[in-house]
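Please read the points below alongside the sequence and the 3D view.

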Amino acid sequence: MFLKEVRFVDWPDDTGQYPFNLPAFRGISEITFPTAVTFFVGENGSGKSTLLEAIAICAGFNAEGGSAANRFSTAQTESALHNHLRLSWFPKVNRGFFLRAESFFNFASYIDELERECPTGYAAYGGKSLHEQSHGESFLSLFTQRFRGRSKALYLLDEPEAALSPARQLALLRVLWEHEQAGQTQFIIATHSPILLGYPTARILNFDASPLAPVRYEETDHYVITRHFLLNREAMLETLFQTDD
Ligand SMILES: Nc1ncnc2c1ncn2[C@@H]1O[C@H](COP(=O)(O)OP(=O)(O)OP(=O)(O)O)[C@@H](O)[C@H]1O
Ligand SMILES: [Mg+2]
């Protein structure tokens, strides 16, 4: 793949501060990316978005989401992690996109602004403003329209499932598969979706391990808990709703 490796360098001595205090990064030296699709999985707050954002900054993408060409900024919230990462590429790709669920609204407004300055009929976004499409529709427009193209690209997605119905999550699996067949795209995706995690050739990195480490699909909490819930819903709810007295 194009982004081959991320090395962690010049780690500060005092590691009590965010982001250096996160267990997922403790004692880590590098992460390799041998597959077309890599997932970041782990509990809330385990550091997935922090790492994704730092990689986006190192790759030259806007920390708030978007591509290298999309430069909008509403708040400076990125961590210092990007100063301690070294990316190894072969070849270096300049095309790509960082999709951050929290700032998608701002991104949609920014695209409206560009469209006013230089109308294209929202060609890369399904033919109309992202604000005029539902959350899920606009996300999928991005995946199916904008993420087309023949040149090599890296896409960093933070919880793309947030907007997507189960059926649309399956549609996204198909999009990933089409990209993998074409061999021009690398995806790194932070997700909580047991459907997306089921992508067959993906490498899954578990941020609940210290340091973070690969994990099999069937061993992720997301698979285990979801499966157990669907197969034993009533018993699980009974346990969950037990009163203490
Ligand atoms: N700017 C910041 N300053 C201090 N701590 C932060 C900052 N941003 C995030 N954190 C903390 O760092 C931890 C990791 O946050 P991060 O957003 O990377 O988690 P995550 O794995 O993406 O979680 P989620 O699954 O909920 O999206 C969290 O405990 C969070 O509270
Ligand atoms: Mg996150």
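1. The model is predicted: local features need pLDDT of at least 70 and side-chain atom pairs pLDDT 80 or more, while totals for chains, interfaces and linings use all residues. Residues are numbered from 1 along each chain as its sequence is written, chains are lettered from A and ligands numbered from 1 in the order written, and side-chain values use heavy atoms, without hydrogens and water.

2. The residues around ligand 1 (a heavy atom within 4 Å) include Tyr18, Leu22, Lys48, Glu159 and His192. This shell divides into two nonpolar, seven polar and three charged residues; here Ala, Val, Leu, Ile, Met, Phe, Trp, Tyr, Cys and Pro count as nonpolar, Asp, Glu, Lys and Arg as charged, and the others, Gly among them, as polar.

3. A side-chain N or O atom of serine 49 lies 2.7 Å from a ligand oxygen, and for a backbone N or O atom of glycine 47 the distance is 2.9 Å.

4. Three strands form an open sheet in the order E2-E1-E4, with antiparallel pairing (pairing requires at least two DSSP bridges; strands are DSSP E runs of at least two residues). Its edge strands are E2 (30-32) and E4 (85-89).

5. Strand E1 (residues 3-8) pairs with E4 over five bridges, and phenylalanine 8 stands opposite leucine 85 in E4.

Key:
A polar contact is a pair of N or O atoms within 3.5 Å; within protein, one must be able to donate a hydrogen and the other to accept it, and residues adjacent in sequence count only if both atoms are side-chain atoms. Helices (H or I, at least four residues) and strands (E, at least two) are DSSP runs, numbered from the N terminus.
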